[in-house]
Amino acid sequence: MREHLRDGGAAAWAGIPGLRLKFWISDRAGNRWGAVMLWEPGHPRPDQPLPPYRALELIGYPPTERIVFDVEATVEGSYAVAALSGLGLAVEEP
């Protein structure tokens, strides 16, 4: 997954209407990974084109779970890094 993200997999999601944040997560020891997406209300729309999900190609089978949650509350803390785009192991390691 990390190589896929480095090779443009993450960049493909930049600029998607209504997508506030997408982050990919991994647990190397448990050999698990996934992504979390935070959408504005009303998005994604059924007619909205999205980049392809590549799980089948990357791991050999489709995702085993896809869960949708509603957001109950949000809060922002005090932070030193203003932008969240371009962070993470896939972009930090050579």
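This is a predicted model: local features need pLDDT of at least 70, side-chain atom pairs count only at pLDDT 80 or more; totals for chains, interfaces and linings use all residues.
Student: Where is His-4 found, and is His-4 buried or exposed?

Tutor: His-4 is found in helix H1, which covers residues 2-9. Buried means under 20% relative accessible area. His-4 has a relative accessible area of 18%, so His-4 is buried.

Student: Which residues is His-4 in contact with, leaving aside its neighbours within four places in sequence?

Tutor: With those neighbours left aside, His-4 is in contact with Gly-9, Arg-54 and Leu-58.

Student: What separates the C-alpha atoms of Ala-73 and Glu-40?

Tutor: Along the chain, Ala-73 and Glu-40 are 33 residues apart; their C-alpha atoms are separated by 13 Å.

Student: Now the pockets. How much space lies in the largest pocket, and which residues lie nearest its centre?

Tutor: The general idea is that rolling a probe the size of a water molecule over the atoms shows where empty space is left. In this model, the largest pocket holds about 1,600 Å³ of space. Its lining has 42 residues, and those nearest the centre are Trp-33, Gly-34, Ala-35, Val-36 and Glu-65. Two or more lining residues come from each of H1, strand S1 (19-27), strand S2 (32-39) and H2.

Student: Which element gives the largest share of that lining, and how does the lining of the largest pocket divide by class?

Tutor: S2 gives the largest share, with 8 residues. By class, 26 residues in the lining of the largest pocket are nonpolar, 7 are polar and 9 are charged.

Student: What volume has the second largest pocket, and which residues are closest to its centre?

Tutor: The volume of the second largest pocket is about 1,200 Å³. It is lined by 36 residues, and Leu-21, Lys-22, Phe-23, Leu-84 and Ser-85 are the closest to its centre.

Student: Which elements supply at least two residues of the lining of the second largest pocket, and which gives the most?

Tutor: H1, S1, S2 and H3 each supply at least two. S1 gives the most to the lining of the second largest pocket, with 8 residues. That lining divides into 24 nonpolar, 7 polar and 5 charged residues.

Student: How many salt bridges are there?

Tutor: Side chains of opposite charge can pair when their charged atoms come close. The cut-off is within 4 Å, from a side-chain nitrogen of Lys or Arg to a carboxyl oxygen of Asp or Glu. By this rule there are 3 salt bridges.

Student: Which residue meets Arg-32 in a salt bridge?

Tutor: Arg-32 meets Asp-27, at 2.7 Å from N to O. Arg-32 has a relative accessible area of 57% and is therefore exposed. Asp-27, at 27%, counts as partly exposed.

Student: With which residue does Arg-45 form a salt bridge?

Tutor: Arg-45 forms one with Asp-47, and the closest N and O atoms are 3.4 Å apart. Arg-45 is partly exposed at 38%, whereas Asp-47 is exposed at 59%.

Student: With which residue does Arg-54 form a salt bridge?

Tutor: The partner is Glu-57, with the closest N and O atoms 2.7 Å apart. Arg-54 has a relative accessible area of 30%, so this residue is partly exposed. Glu-57 counts as exposed at 59%.

Key. Residues are numbered from 1 along each chain as its sequence is written. Side-chain values use heavy atoms; hydrogens and water are left out. Helices (H or I, at least four residues) and strands (E, at least two) are DSSP runs, numbered from the N terminus. Buried means under 20% relative accessible area, exposed over 50%, partly exposed in between (1.4 Å probe, protein chains only). Contact means heavy atoms within 4.5 Å. On a 1 Å grid over the protein atoms alone, a cavity is a set of points where a 1.4 Å probe fits but cannot get out, and a pocket is an open set with protein on both sides within 12 Å along at least five of seven lines; lining residues have an atom within 4 Å of a point. Grid points are joined across faces, edges and corners, and a volume is the space filled by probe spheres set on the points. Ala, Val, Leu, Ile, Met, Phe, Trp, Tyr, Cys and Pro count as nonpolar, Asp, Glu, Lys and Arg as charged, and the others, Gly among them, as polar.
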